[in-house]
Amino acid sequence: MLKIVGSILVIFGCAAMGFYMVERMKRRIVELEQVKKQLMFMEGEIRVGFRPVKDIFAQLEQRTEGNWKAFYCFLQTNMERKKQGALASIWMEGIKETLKTSLLNQNEKRTWQELGENLGYLDLIAMACVHRFIPDNLIALSLMPCRNLA
């Protein structure tokens, strides 16, 4: 009798663990889809809208929820407070403070960190193309027309 009860408990425990893992994977897929939408929105706003990243973060804060809302709120408020400083350092702090419970794995978080390192730089290039203010050494290095940089 004890063996039967034990085996039933093991079966139910494994089934419960399986349901938990499936639910976690579903939430992870939803989160990755949200990240993809966020990236597409950022790309569109930088390439076509030529908006500053601070304004893009404000829009993303309104469009997202949960950890991501806190992340963009953190970025926006710290960019307003710190008039100077690299966007990359604010981005890294935001990841460490607000995305602790995110379902992204370490590799995906590392990729997200790399985006933060390059985001301010890419925004400056896009703005420079619009205003046709590119230093001579940058023009010499990139022999492409300005519209191909954005």
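Okay, let's start with Glu108: in this predicted model, it comes out as partly exposed, with a relative accessible area of 22%. Buried would mean under 20%, so at 22% Glu108 doesn't count as buried. You'll find Glu108 in helix α5.

So what does Glu108 touch, once we skip residues up to four places away in sequence? Two residues: Arg28 and Leu32. Take Leu32 for a moment. Along the sequence, Glu108 and Leu32 are 76 residues apart, yet from C-alpha to C-alpha the gap in space is 9.5 Å.

Now, on to the inside. In soluble globular proteins, nonpolar side chains tend to be buried together. Here, the largest nonpolar core has 22 residues. Who has the most contacts inside that core? That would be Met42, Phe57, Phe71, Tyr72, Trp91 and Trp112. Five helices, α1 (2-49), α2 (53-63), α3 (67-81), α4 (87-98) and α5 (106-131), each put in at least two residues. The largest share comes from α3, with 6 residues.

Let's zoom in on Met42. Leaving out residues up to four places away in sequence, Met42 touches Ile56, Phe57, Leu60, Tyr72, Trp91, Trp112, Leu115 and Leu119. Have a look at that one on the screen.

How many disulfides turn up in a search of the whole structure? The count is 0. Cys73, at 29% relative accessibility, counts as partly exposed.

Note on methods
Residues numbered from 1 in each chain as written. Predicted model: local features only at pLDDT ≥ 70, side-chain atom pairs only at ≥ 80, totals over all residues. Heavy atoms only, no water. Core = buried A, V, L, I, M, F, W, Y, C linked by side-chain atoms within 4.5 Å. Buried < 20%, exposed > 50% of the residue type's maximum accessible area, 1.4 Å probe, protein only. Helix = DSSP H or I, 4+ residues; strand = E, 2+ residues; numbered from the N terminus. Contact = heavy atoms within 4.5 Å. Disulfide = S-S within 2.5 Å.
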